[in-house]
Amino acid sequence: MKKGVLVLLSLAVFTVLSFASTPIKLSLWDKFSIPQDDSLEGLELGIGSYTPNVKGVSFNLLFSKTDNAFAWQTGIVTLTNNFEGLQLGFINWNQNNVSGIQLGFFNKAISVKGLQLGFINVTENMQGVQIGLVNLIKTGK
């Protein structure tokens, strides 16, 4: 009886999880990950990763690349297209918009709403604050 209930409960849990978005992802390098989903809502751990859509935490030792992220992202190199949250890395390179904080040695974005804190900070449009040794803003204060 207990085994039957346990089997039914396990089946129900795995069925619900299979229809949910990816809650955890383990990445070895770029697209070599378990699971190999392009969307993540939860936690990503790895050495280097490319996950186009991230909502949650992306923690990678070397690099982390996303297209759209609402996350806390860290790695030596973090590359994004659109990012909301905390981007922490030695190099933070964003190809479009950052809404939040870029914290690293080199921070680059087209548009920033928030804070860039680093040795070199580069942006075209700034609505916020840059703190660093070299700060370049094309338009903004």
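**Asn60 and its surroundings**

User: Which side chain does the side chain of Asn60 make a polar contact with?

Analyst: The side chain of Ser49, at 3.1 Å. A polar contact is a pair of N or O atoms within 3.5 Å; within protein, one must be able to donate a hydrogen and the other to accept it, and residues adjacent in sequence count only if both atoms are side-chain atoms. This is a predicted model: local features need pLDDT of at least 70, side-chain atom pairs count only at pLDDT 80 or more, and totals for chains, interfaces and linings use all residues. Residues are numbered from 1 along each chain as its sequence is written, and side-chain values use heavy atoms, with hydrogens and water left out.

User: What backbone atom does that Asn60 side chain reach?

Analyst: The backbone nitrogen of Gly46, at 3.4 Å.

User: Is Asn60 buried or exposed?

Analyst: Buried, with a relative accessible area of 1%. The cut-offs are under 20% for buried and over 50% for exposed, with partly exposed in between (1.4 Å probe, protein chains only).

User: Which residues is Asn60 in contact with, leaving aside neighbours within four places in sequence?

Analyst: Among them are Ser27, Glu44, Leu45, Ile47, Gly48, Thr74, Gly75 and Ile76. Contact means heavy atoms within 4.5 Å.

User: How far is Asn60 from Val77?

Analyst: Their C-alpha atoms are 9.1 Å apart in space, and the two residues are 17 apart in sequence.

User: Where is the place of Asn60?

Analyst: Asn60 is in strand S4, residues 53-65. Helices (H or I, at least four residues) and strands (E, at least two) are DSSP runs, numbered from the N terminus.

User: What does S4 join to?

Analyst: Ten bridges join S4 to strand S5 (residues 68-131), and the two run parallel. Phe59 is opposite Thr74 in S5. S5 is also joined to strand S6 (residues 134-139) by five bridges, again parallel. There, Asn125 has Thr139 in S6 as its bridge partner.

User: Switching topic: how many salt bridges does the structure hold?

Analyst: One. Lys31 forms a salt bridge with Asp38, with the closest N and O atoms 2.7 Å apart. The term means a side-chain nitrogen of Lys or Arg within 4 Å of a carboxyl oxygen of Asp or Glu.

Notes: Two strands pair if DSSP finds at least two bridges between them.
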